[in-house]
Amino acid sequence: MPATNVLEPPCPVPVVLSGFGPVGQEFFNRLRANHHQDFYVAGIRGRADEVMLGPDAKVPERAQWHPLTPIAEFLQRTGALILVQAIPSSLEAHPRALEESITALGRGVHVVSATKNHLLTHWRELEAAAQTGGSRIRISGATGAALPAADLARIGVNGLNARAIRACPNGTSTFVLDRMGRGDSLEDAVKEAQRLGIAESNTSADLSGSDAATKTRLIAGMLWGWDVAKIHVDTETIDENSVRVAGASASSSQRLRAVASASVDQAMKVTVRLELVSSQDPLFHLTGPEKAMTFSCPEAGDITVHGGRSSPAGAGLAMVKDVLNLLPTRTTGFH
């Protein structure tokens, strides 16, 4: 087995950004706004075109970009040591996301991804490619945007014998259920979420529980070594009946939540259920589109991470964080 690929000079480290929609642009803009000196975007790949950049170069007009080339060729020309993926989690983009990741990882290029679909279908193949190349995969942007749940699963609760996960990892569903608890119809609650930029135009994955299940599957795969592609999913949908339940349950002591759960006692299974939670429950205190995840550790106690609202900005920041955590440390002591 090859040793894990440790990033070495050149400095700043060149990065390829795949996808230049809202999330990709947030990643790029946050990088520039915070003046990170340790890495830079050496190239951007759009849907059908690409462009190479210098450390301080501005992104040229799209007319000056060139037709998309094979990912292996682009990685070689840019000298990239990290591939950042911000392409849509769609059926159309799935083959590209998979090819880019497998190619990069096998060549020793680390991958930071906010794209989910290929993680769900080819978890073991991505692991094998990373083993071959001695590379690493970071997926904070795919598991809760700014919520550092993936970091907790990977290192934060390592050795604490976490036995279960209980979470509200989808901000749209929490927002919609709270609005319904105040008397809004499902339609009005969704429209308000879309107006505020909390929900996308298609909310089917949010309301069906699919998105919450996806994020929980990824966390379970990291935490317990499960093959994410083989995890069984059982979800409950937010519908008009939920409106009546939310309205009847709304009080200072109970709230309706779409709760995703997984446990070592029910291996390879993730459920999403509408639950009435009490004011003593960490999931009760979510507001707006906030998210939360609790790791149950018998000896250490429950450990909850809470916050991290979903947005392109949150996903962009999560990817910046993942890239920074892949860079070699230049400090000593506690840092």
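Predicted model: local features only at pLDDT ≥ 70, side-chain atom pairs only at ≥ 80, totals over all residues.

Modeller: Residues are numbered from 1 along each chain as its sequence is written, and side-chain values use heavy atoms, with hydrogens and water left out.

Biologist: Is Asn117 buried or exposed?

Modeller: Buried means under 20% relative accessible area and exposed over 50%, with partly exposed in between (1.4 Å probe, protein chains only). The relative accessible area of Asn117 is 11%, so this residue is buried.

Biologist: Which backbone oxygen does the side chain of Asn117 reach?

Modeller: A polar contact is a pair of N or O atoms within 3.5 Å; within protein, one must be able to donate a hydrogen and the other to accept it, and residues adjacent in sequence count only if both atoms are side-chain atoms. At 2.6 Å from the side chain of Asn117 lies the backbone oxygen of Ser90.

Biologist: How do the residues lining the largest cavity divide into nonpolar, polar and charged?

Modeller: Ala, Val, Leu, Ile, Met, Phe, Trp, Tyr, Cys and Pro count as nonpolar, Asp, Glu, Lys and Arg as charged, and the others, Gly among them, as polar. The lining includes Ile137, Arg138, Ser140 and Asp322. The division is 4 nonpolar, 1 polar and 4 charged.

Biologist: Which helix gives the most to that lining?

Modeller: Helices are DSSP runs (H or I, at least four residues), as are strands (E, at least two), numbered from the N terminus. Strand E7 (137-138) and helix H7 (149-156) each supply at least two lining residues. With 3 residues, the one that gives the most is H7.

Definitions and conventions
1 Å grid on protein atoms, 1.4 Å probe; cavity = no way out; pocket = protein on both sides within 12 Å on 5 of 7 lines; lining within 4 Å.
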